[in-house]
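Hello,

Here is the structure I promised to pass on. Please open it first, then read my notes below.

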Amino acid sequence: MNHAQKAEIFNKNEAKVNWHDKALWYVREKRDNAAHGVKGWEQLRDLASGIKAHVLSNLDELLIEFETNAQKNGITVHWASNAEEHNKIINTILTEKNAKKVVKSKSMLTEECHLNPYLESKGFEVVDTDLGEYIVQIAKETPSHIVLPAIHKTKEEVDTLFQEHLGTKPSNGNPEYLTNEARKHLRTKFLTADVAITGVNFAIAETGGFVVCTNEGNADMGAHLAKTHIACMGIEKLIPKEAHLGVFLRLLARSATGQPITTYSSHFNKPSEGSEMHIVIVDNGRTEQLSREDFRSSLHCIRCGACMNTCPIYRRSGGHSYDATIPGPIGSILSPGKDLTKHSSLPFASTLCGSCSNVCPVKINIHEQLYKWRQIITKDIEQPVVKKTILKMTGKVFSKPKFYGLAGRSVRFMLKYAPRFLVYSKLNAWGKARELPQIKNGNFDQWYKEKRSK
Ligand code: SF4
């Protein structure tokens, strides 16, 4: 199924769509307030974008610098060219440690590599400890948002889920009660885990250390209690110097949730006495994306989710409609790079309004890159005949003012006088979920000429 077909499933529950839309817009507004409260916000965005561009241009050297410094600190560094290698490396570490139980804090990279099902198939118990991730894990679903993984679920749905899986009492979706129950359950998991896996928000070449940002402190809890900590990072997570952290930490939390800073920004530099620390550095298609000049800056992404919260399509189609680990506008740039045929509908899931580019803290020209993918896709991937024909005709009409005027007059006439069943037929996808506005007499051209003559 393509994006539109999946979105149609989400759209069946109108109340939920409205709620999803509103909830994400609320986060977008919080982001705006937080951003407006910082003097020099735009300069910070410029700086972040510049630092990331510098990283991508010097990635080879910075990665080696990071590896050298991490090793000096006593961290074991592993390299994985793809998801398979990443999973195998983790399996080997777990097997060597004779581990049985793993706690994981939120990491989109491990989602991308499908680490959980892989480890479960090898007999390990893997528990996601971020509350949203935990909810989707027990629901046997995937995250629908990179910062708010269970945003597609109402609190009442979580209540029912917890009753089934954790034996909780019905609470009418009381968030405090449900959070406490999850906390109790997860605490045992933390205390008995052999290995903790975390993601990496920023890896610092200068120091060989890395930073993990969470709001729940679950990364710290896991990494401090287990004897072995494995951190997984994509090659683009690097920043050159510790001093650059201030730029990104200021931007990340404000753009993600409107908070001035994430509750925990934990710095990991070396293993504690008697423990082990491993870092798995993963490519998995990133070098290929780096080689595509038009899409290179998509690797600046710091995974704040702001482009999702603002996107009118994402808010009303839900994250699962993208059928990809990273949904929303940035996902629609990254996914076609991995599998153009499978994800060819994603760059079209956009109004190209540019709101995503406006909120992006690292200034990725998201809507322009979506437009670029569209050009490639229409050239390289066979499009449905109806779509191709309509676009061809539209191109002809739009390029000739006379045709355009005639078409405008005919459509206005049709919309005014044609019977409803014709206007709202199957051919009119727009009319499926909305009433068209009242048609006025005349067109913009006439209106403009009249105004100018006054
Ligand atoms: S593309 Fe920009 S706005 Fe979207 S998640 Fe990445 S950093 Fe955030």
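L238 touches K52, V55, L59, L62, L63, F66, A203, A205 and M233, leaving out residues up to four places away in sequence. Contact here means heavy atoms within 4.5 Å.

A word on the source: this is a predicted model, where local features need pLDDT of at least 70, side-chain atom pairs count only at pLDDT 80 or more, and totals for chains, interfaces and linings use all residues. Residues are numbered from 1 along each chain as its sequence is written, and side-chain values use heavy atoms, without hydrogens and water.

Now the cores. A nonpolar core is a set of buried Ala, Val, Leu, Ile, Met, Phe, Trp, Tyr and Cys residues joined through side-chain atoms within 4.5 Å. Buried means under 20% relative accessible area (1.4 Å probe, protein chains only). The largest core has 76 residues. Its members F202, F210, L238, F248 and I330 touch the most other members. Helix 12 (residues 245-257) gives this core the most, seven residues. Helices are DSSP runs of H or I, at least four residues, and strands are runs of E, at least two, numbered from the N terminus. Another core lies apart, with 21 residues, including I90, L115, I197 and V282.

Four strands form an open sheet, ordered 8-5-6-9, with mixed pairing. Strands pair if DSSP finds at least two bridges between them. Strand 8 (238-239) and strand 9 (264-268) are the edges, each pairing on one side only. Strand 5 (residues 202-204) and strand 6 (residues 209-214) run antiparallel, joined by three bridges. I204 has G209 in strand 6 as its bridge partner.

Best wishes

Conventions. Buried means under 20% relative accessible area, exposed over 50%, partly exposed in between (1.4 Å probe, protein chains only).
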